[in-house]
Amino acid sequence: MKKLSVIALVGVGLLAASCNKEKSAETAATATEQKVAESKGEVLAVDVASSVVNWKATHKGGMAPRWGTLNVKSGDLSVEGGQLAAGNFVIDMNSIKVDPASVTEKDKKPADLEAHLKNPDFFDTAKNPTSDFKITSVADLKDAPKDAVAGANKTVSGNLTLSGKTVNVTFPAKVDVTENSASIHAKFTVNRADWGIKFGTSEADPAEWMISKDIEIAVDVKAKK
């Protein structure tokens, strides 16, 4: 029994190490819903054709990673004095796609996984067809975390609504503003359980955590005149 216990402990250690290794983006700081930043200055419409939200998730121990995309449906970014002041964008949850390259098992199909992500186990898109992000603040970033997106120069906070619940998230981002455009590029990790999306995340028995609670989100939103 003692030998088995040691083996079990080693297994847990390897599992934790594997999970940490798979994580490639800083976890966003979270808080309760905050006051949305006032739209001021010049308001630029989000270019939905060139904007996208990428996502990545894994199974237990970082195994069988899945990744894909979500379409940006609408939004705008406000620029004042050459700086991003406010903004928002809406995500079409029914547009969720699983990249076929991430599904290597012969008995799995991307379309089946997409359907599962849309059902009440996860995002319940029939009830919540959209998600949205509304900026609450933008501040200068001096020292970007090592896992931040390349060129990160701002700290962006905003209210992220998923499955009908709103949580404020804060993350490093690369914000570019030119005479005719503005863009936000960021990569961060959130715990889906914070939004009540708890399928496969039983806290009672860690051995039953079949799907990681972490979701890596990569935002690439562009707006122009």
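# Questions on a predicted chain

In this predicted model, 64% of the contacts between residues at least 6 apart in sequence join residues at least 24 apart.

Me: What share of the residues in the chain is buried?
Reply: A residue counts as buried when its relative accessible area is under 20%. The chain has 225 residues, and the buried part of them comes to 37%.

Me: What is the volume of the largest pocket, and which residues are the closest to its centre?
Reply: The largest pocket has a volume of about 600 Å³. Its lining is made of 33 residues. The closest to the centre are Trp55, Ala57, Leu117, Phe123 and Ile215.

Me: Which element gives the most to the lining of the largest pocket?
Reply: Several elements each supply at least two residues of this lining, among them β3 (52-57), β4 (66-80), α2 (110-118) and β10 (214-224). With five residues, the element that gives the most is β5.

Me: Is Asn159 buried or exposed?
Reply: Asn159 is found in strand β7. Its relative accessibility is 3%, and the cut-off for a buried residue is under 20%. Asn159 therefore counts as buried.

Me: With which side chain does the side chain of Asn159 make a polar contact?
Reply: Leaving aside neighbours within four places in sequence, Asn159 is in contact with residues including Glu33, Asp132, Thr166 and Asn168. A polar contact needs a pair of N or O atoms within 3.5 Å. At 3.0 Å, the side chain that pairs with that of Asn159 is the one of Asn168.

Me: Where is Ala152, and which residues does it touch beyond four places away in sequence?
Reply: Ala152 has its place in the loop between β6 and β7, and at 15% relative accessibility it counts as buried. Leu141 is eleven residues away along the chain, and the C-alpha atoms of the two are separated by 7.4 Å. Not counting residues up to four places away, Ala152 touches Leu141, Ala144, Pro172, Ala173 and Lys174.

Me: What is phi of Ser163?
Reply: Ser163 is found in the loop between β7 and β8. At 23% relative accessibility, Ser163 counts as partly exposed. Its phi is positive, in a residue other than glycine, with a value near 50 degrees.

Me: Where does Asp124 lie, and what is its phi?
Reply: Asp124 lies in the loop between α2 and β6 (130-140). Asp124 is not a glycine, yet it has a positive phi of about 45 degrees.

Me: How many residues apart in sequence are the parts that Glu80 and Lys40 tie together?
Reply: Side chains of opposite charge can pair when their charged atoms come close. Glu80 forms a salt bridge with Lys40, with the closest N and O atoms 3.8 Å apart. Glu80 lies in strand β4 and Lys40 in the loop between β1 (29-31) and β2 (42-46), so the parts tied together are 40 residues apart in sequence.

Me: Are Glu80 and Lys40 buried or partly exposed?
Reply: Partly exposed residues lie between the buried limit of 20% and the exposed limit of 50%. Glu80 has a relative accessible area of 41%, and Lys40 has one of 37%. Glu80 is therefore partly exposed, and Lys40 is also partly exposed.

Me: With which residue does Glu42 form a salt bridge?
Reply: At 38% relative accessibility, Glu42 counts as partly exposed. The closest N and O atoms of the pair are 3.5 Å apart, and the partner of Glu42 is Lys225.

Me: How many residues apart in sequence are the parts that Glu42 and Lys225 tie together?
Reply: At 56% relative accessibility, Lys225 counts as exposed. Glu42 lies in strand β2 and Lys225 in the segment after β10, so the distance in sequence is 183 residues.

Me: How many salt bridges does a search of the whole structure find?
Reply: One of them joins Asp220 and Lys222, the closest N and O atoms being 2.9 Å apart. Lys222 is partly exposed, at 33%. Over the whole structure, the number of salt bridges is seven.

Technical notes. Residues are numbered from 1 along each chain as its sequence is written. This is a predicted model: local features need pLDDT of at least 70, side-chain atom pairs count only at pLDDT 80 or more; totals for chains, interfaces and linings use all residues. Side-chain values use heavy atoms; hydrogens and water are left out. On a 1 Å grid over the protein atoms alone, a cavity is a set of points where a 1.4 Å probe fits but cannot get out, and a pocket is an open set with protein on both sides within 12 Å along at least five of seven lines; lining residues have an atom within 4 Å of a point. Grid points are joined across faces, edges and corners, and a volume is the space filled by probe spheres set on the points. Buried means under 20% relative accessible area, exposed over 50%, partly exposed in between (1.4 Å probe, protein chains only). A polar contact is a pair of N or O atoms within 3.5 Å; within protein, one must be able to donate a hydrogen and the other to accept it, and residues adjacent in sequence count only if both atoms are side-chain atoms. Contact means heavy atoms within 4.5 Å. A salt bridge is a side-chain nitrogen of Lys or Arg within 4 Å of a carboxyl oxygen of Asp or Glu.
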